[in-house]
Every structure is written in structure tokens, then in C-alpha cells.
Amino acid sequence: MLLADDHPKVQQALRVFITEEPDLHIVGEVSKVETLLSQTRGLQPDLILLSWELEGCPGEKLLCDLCALGLPTRVIVLSWRPECEQDALAAGADGFVCKAAGPQPLLAALRATSIN
């Protein structure tokens, strides 16, 4: 999976949490919009954890650009704002998790998205 978040503390927390799960693997991390598409093309991750508030580009545009790559990559959107869920899903996200929800909803979303 590829982590895409521009908050170092959030990215570090995600990394620590995910690496504790033996069946989940991080293949890369990005903190800038400019590197998200190139890393996605190069790494071809099966899953992207995408911050909806990634600085430099609206979440809807990022999802559109990711879809345009034509890869089978799934995207789970992360946001501090739960009211963004419908917009994220309507824009093509495969899942949504509020960052304030804690680790268990994220783990459930990762597991559900990985097997669907």
C-alpha cells in the first residue's frame, strides 16, 4: 500500500500501526501531490491511503487523476472531517475512514478493501 498524507505525525502513526499487521505492507509514502501520481505509476500499489486534504489539490481531482492512470489500485480516503465521506465515495473512493475514529475502523476498512 502507498501512504499519501502531508502531516508527518499522521503518516508516522499510520506507518507504525500498519507495520504491526503481518499481512499489510507499505511500499511507499508520499507527502506531496506532485509525487503521488508518479509513485502510483511506478510502484503500482494495490491500495492507497489518501488524505482528502492533501495540500495542493482537491480530493476529487486527486481521485480523478488516480483513476485516469488505469491501474487496479483501490483508494481509501482519510479525513478529519467525517462530512467528506459522501463526496469521497461519490468521487470514486473505495472506502472512507475518519482520522479521529481510531485504529480499528481503519483496520476494518483495510481488510474489507483488500478482499473485495
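Modeller: With 5 residues, α1 gives the most. By type, the lining has 10 nonpolar, 1 polar and 2 charged residues. Here Ala, Val, Leu, Ile, Met, Phe, Trp, Tyr, Cys and Pro count as nonpolar, Asp, Glu, Lys and Arg as charged, and the others, Gly among them, as polar. The space in the pocket is about 210 Å³.

A word on terms. A pocket is an open set of points on a 1 Å grid over the protein atoms alone, where a 1.4 Å probe fits, with protein on both sides within 12 Å along at least five of seven lines; lining residues have an atom within 4 Å of a point. The volume is the space filled by probe spheres set on the points, which are joined across faces, edges and corners. Helices (H or I, at least four residues) and strands (E, at least two) are DSSP runs, numbered from the N terminus.

This is a predicted model: local features need pLDDT of at least 70, side-chain atom pairs pLDDT 80 or more, while totals for chains, interfaces and linings use all residues. Residues are numbered from 1 along each chain as its sequence is written, and side-chain values use heavy atoms, without hydrogens and water.

Now the setting. The chain holds 5 helices and 5 strands, in the order β-α-β-α-β-α-β-α-β-α. Its C-alpha atoms fill a box of roughly 30 × 30 × 30 Å along the principal axes.
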